[in-house]
Amino acid sequence: GRTLNRRVEVEFWYDDPLQELPDEPELCPGDVGEEMVTKVYDPPWGSIPTLELANGQPIIPPGYAANLHRALTDVVDRTNARLRFIGYTKNERLDRRTASVYGDDIGLSAARARRTMDIVKQDPLLSSARSEHEGRGYVQSDDVVNAGFIQGEESFVRVQVVYDEPAPLDDYEGVDITPITRELRPKSPYELNVMRITVDGKPIDDPGRSAADVQRCTDVALDDARVQFRFDNLESRRRLSVAAHPAAVAVSHLGDGPVASLVRFRMYNNYSSFIERAEIRIFEQQQSLQAMPLEIIAVDDAGLAEWQPAAESPGGPVRELKYLLRAYDSKGNFDETDARPLWLYREPSAGEVVTPGLRQSADDAEAAAAVAAPPRELLAAYGESDLAHHQIPVDGGTVKVQGSGIPADHTVWVAGRQVPVDPQGNFAAEEILSAGAHTVEVAVLDDAGNGSLYLRDLEFKRTDLFYVGIAEVTLSENRASGPLDLLQGENAPQPYDSSMDGRLAFYVNGKV
């Protein structure tokens, strides 16, 4: 879709257990069953201290294993008494190597908890004890509901003695409650987030994402696919053109009156995000372009238009017309191309003899050649610019994409628009986008819609400067004696005892 038509929809839903009840009464409802919950044992003789980490290794104080064994002995009659090791990390960004090994902060804290569990259980008192481990990342809060998500400043491992016991069940007669469980998946630091939420240009939805890494991976994938992707913040040269097929329309006499062929138009532009609508305007050859056109044909969203000439005789062998393309923005400003010729010629009827040497012979030959042209003639305006008048304000930068080796029966899409591909599998496209952040889509798809999709993040700044310069300076010093002033003269360009010469060249391009 176009930029102005994009939107984001957010949906909220919930599960209502009452809607799942059967219409008929249930005579013999089945047993709901028993649900087990985990309880943390708090010893009355003292709490179990947390284990600090030094270079990722736990610091275990003396007598620590004996205290854990004592706590396990207190709950030996409980169900599934065991040790739980919970790892926490401090709130800091992981380096690239750590992220590639552990995935994220949760994976790192889980690995530290597992390492601590293996070291603690080496003690003979705990060798046969049941144990489990988990990682909770940098959120170090026992009561998230009341205390919130507390982000810790130190890494440590917390050891707990836990056991299971049946949870008290509320007997809701006639209501079948189904617990809803949601699986949590660790967030990858290299994952591409399609939807971005920013405030004053700063992302708030995924602050841990490395945009540079994602863009680099996308650039490497494009290079492997033989696709070159470039963007220039300081270039915004608009292009607007149109092509028609056929350029010469035959009017034949069949039945009751004249019948004209259908004329198709195709529009090309590289700043579609600034254009709201476009139209084809047809005039007489001698008519002013400021006058009321003979016909106005609307251009659809795909850039195509069709015109059926009026069923009337040209009035002569050839009737010369002209047409142009006019594009409007949302405020009524318009850009316009140069006028191009369009002919209506009378097709000779059966048995009619065309007198040699008349003017229509050359025109008919040119018209016949245009009619015989393939439909690919509509691509004649692609990449060209016949812009004559422009009023639409255009600012931003230009994205250029070109590639080769596209397989047969595949289509190429750039920024939501299909790009023509030549028989050798080559293509080229450019698009002007407004200032700000964008995600440009490049897709190579087959007939079934399968293929490769590349999303490239970029930003066009409102203020940008490019400058380069070179300076060359020559200094010299001379010493002389005698009446040199008489030989120097009064209008010497430089003093004789010293001279300085140089030049400065520079180039500046930018926008503020």
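# Close-up views of a predicted model

View 1. The bridge partner of Val-399 is Glu-431, which belongs to S24. In this predicted model, strand S21, covering residues 397–403, is joined to S24 by seven bridges in the antiparallel sense. These strands belong to an open sheet of three strands, ordered S9-S21-S24 and paired antiparallel. Its edges are formed by strand S9 (227–232) and strand S24 (427–433), each of which pairs on one side only, and from one strand to the next the twist averages 15 degrees.

**View 2. The open sheet S10-S13-S16.** Three strands make up this open sheet, with antiparallel pairing and the order S10-S13-S16. Strand S10 (240–245) and strand S16 (304–307) stand at the edges with a single partner strand each, so one side of each is left without a neighbour in the sheet. Direction ignored, neighbouring strands here are turned by 20 degrees against each other on average. S10 and strand S13, the latter spanning residues 263–269, run antiparallel and are joined by six bridges; within this part of the sheet, Ala-243 stands opposite Arg-266 of S13.

**View 3. The largest nonpolar core and the surroundings of Trp-307.** This core has 28 residues, of which Phe-265, Tyr-271, Ile-280, Ile-282, Trp-307, Tyr-323 and Leu-325 touch the most other members. Two or more residues are contributed by each of S10, strand S11 (248–254), S13, strand S14 (277–284), S16, strand S17 (318–328) and strand S19 (340–346), and the largest share, four residues, comes from S17. When neighbours within four places in sequence are left aside, Trp-307 is in contact with Ser-261, Leu-262, Val-263, Phe-265, Ile-282, Glu-295, Ile-297, Leu-321 and Leu-342. A second, separate core holds 21 residues, including Ile-48, Ala-113, Val-120 and Tyr-163.

**View 4. Glu-336, a buried residue of strand S18.** Glu-336 lies in strand S18, which covers residues 334–337, and its relative accessible area of 3% falls under the 20% limit, so Glu-336 counts as buried. The side chains of Glu-336 and Arg-326 are joined by a polar contact of 2.5 Å. Not counting residues up to four places away in sequence, Glu-336 touches Leu-240, Leu-324, Leu-325, Arg-326, Asp-386, Leu-387, Ala-388 and His-389.

**View 5. His-438 and the backbone of Ser-434.** His-438 is found in strand S25, residues 436–445, and is buried, with a relative accessible area of 15%. The side chain of His-438 reaches the backbone oxygen of Ser-434 at 2.6 Å.

**View 6. Helix H3 and its buried residues.** The 16 residues of helix H3 (residues 105–120) should span 22 Å at 1.5 Å a residue, and this agrees with its end C-alpha atoms, which are 23 Å apart. Buried positions in H3 are Asp-105, Leu-108, Ser-109, Arg-112, Ala-113, Thr-116, Met-117 and Val-120. An α-helix has 3.6 residues a turn, so residues three or four places apart point the same way.

View 7. The protein chain contains seven helices and 28 strands, and 31% of its 512 residues count as buried. Of the contacts in the chain with a separation of 6 or more, 72% are accounted for by residues 24 or more positions apart.

Terms used:
Residues numbered from 1 in each chain as written. Predicted model: local features only at pLDDT ≥ 70, side-chain atom pairs only at ≥ 80, totals over all residues. Heavy atoms only, no water. Pairing = 2+ DSSP bridges. Axes fitted to C-alpha atoms, helices over the stretch in contact; angles between N-to-C directions. Buried < 20%, exposed > 50% of the residue type's maximum accessible area, 1.4 Å probe, protein only. Polar contact = N/O pair within 3.5 Å; in protein donor to acceptor, adjacent residues only side chain to side chain. Core = buried A, V, L, I, M, F, W, Y, C linked by side-chain atoms within 4.5 Å. Contact = heavy atoms within 4.5 Å. Expected span 1.5 Å × (residues − 1).
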